[in-house]
Amino acid sequence: MKLLLLGPPGAGKGTQAHRLMARYAIPQLATGDMLRKEVADGSDLGRTACEIMERGDLVGDDLIVDMIAGRIDQQDCRNGFILDGFPRSPAQAEALDTMLSTRSSALDRVIEIGVDDDILVGRITGRFTCRACGAGYHDVFRKPAESGVCDFCGSRGFDRRADDNEETVRSRLAVYHRQTAPLLPYYASRGILVTVDGMAAIDVVTEQILAALPAPSRIDSGDGRLLQ
Ligand code: AMP
């Protein structure tokens, strides 16, 4: 299953990707997460990307395309992958097509998670994650049961993304509409785009996505078993 989740920042792509990963035994390839790791590691790429990300602009296509090309041939992508945050521009979409066609492959589905902009700003500016296990929380919609303590691992350290402030969020939304939304008609014309209502409850969104996905033909668990 080669799947692309498309949608504005805060639409819930990461949340849905996590739910689909286990079900299909495929990894989430989130370019934003990969870049944040480069920034944290202080690599050359991270130093280049850091300032661009803080402005909410897009990092150069070539850097991103190389990052993904090196990733999709890894063993954990043998059943496919979930792209989250890539491609984000027509040039990246074309590079992805080339990358897949040289491997005799193609995307199976593109899922657009649609959410109104005015809701997104509130969703994003309140979100934070557990530093130890990555569980996601929100100041209003999803507080930990005990304030300051992760529900899942009991850790007390949390992070907020540097680009989740209102000013950067507004510019990320503008970039989405200008550079990423044009991919919707591109995939619609190929008959692989399905739009789900990202304002519905998280479980309902998951159900809508699962209903839109083709049944996986064969899932290799990686330890010699076939899961389906
Ligand atoms: P995200 O975590 O997907 O919201 O991405 C955070 C930031 O990383 C974006 O605002 C961009 O600056 C950068 N970024 C992530 N993915 C891409 C991409 N495919 N192309 C260019 N920049 C990206």
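Guide: Let's start with the ring pairs, then visit a helix and finally a loop. Keep in mind that this is a predicted model.

So, how do we talk about two rings sitting together? A pair of aromatic rings is described by how far apart the centres are and by the angle of the planes. For a pair to count here, the centres must lie within 6.5 Å, and planes over 60 degrees apart make it edge-to-face. By that rule there are four aromatic pairs. One of them joins Tyr137 and Phe158: the ring centres are 5.7 Å apart and the planes stand at 80°, so this pair is edge-to-face. Now look at where the two partners sit. Tyr137 belongs to strand β6 (residues 136-138) and Phe158 to strand β7 (residues 158-159), so their pairing ties together parts that are 21 residues apart in sequence. Are these two buried or exposed? Tyr137 is buried, at 3% relative accessibility, and Phe158 is buried too, at 19%. That second value falls under the 20% cut-off for buried.

Next, find Tyr186 and Tyr187. Their ring centres are 5.1 Å apart with the planes at 70°, so here we have an edge-to-face pair as well. Tyr187 is buried, with a relative accessibility of 0%, whereas Tyr186 is partly exposed at 27%. Back to Tyr137 and Phe158 for a moment: along with Phe128, they make up one aromatic cluster.

Now for the helix. In α9, which covers residues 202-212, the buried residues are Val205, Thr206, Ile209 and Ala212. They take up an arc of only 125° around the axis, which puts them on the same side of α9. There's a handy bit of background for this: an α-helix has 3.6 residues a turn, so residues three or four places apart point the same way. What do the buried residues of α9 pack against? Their partners are α1 (13-24), β4 (109-114) and β8 (193-197).

Last stop: Arg71, in the loop between α4 (61-69) and β3 (81-84). Arg71 is buried, with a relative accessible area of 18%. Setting aside neighbours within four places in sequence, Arg71 is in contact with Pro27, Leu29, Met34, Asp76 and Cys77.

Methods:
Residues are numbered from 1 along each chain as its sequence is written. This is a predicted model: local features need pLDDT of at least 70, side-chain atom pairs count only at pLDDT 80 or more; totals for chains, interfaces and linings use all residues. Side-chain values use heavy atoms; hydrogens and water are left out. Rings of Phe, Tyr and Trp (its six-membered ring) pair if their centres lie within 6.5 Å; planes under 30 degrees apart count as stacked, over 60 as edge-to-face and the rest as tilted. Helices (H or I, at least four residues) and strands (E, at least two) are DSSP runs, numbered from the N terminus. Buried means under 20% relative accessible area, exposed over 50%, partly exposed in between (1.4 Å probe, protein chains only). Contact means heavy atoms within 4.5 Å. The arc is that of the directions from the helix axis to the C-beta atoms.
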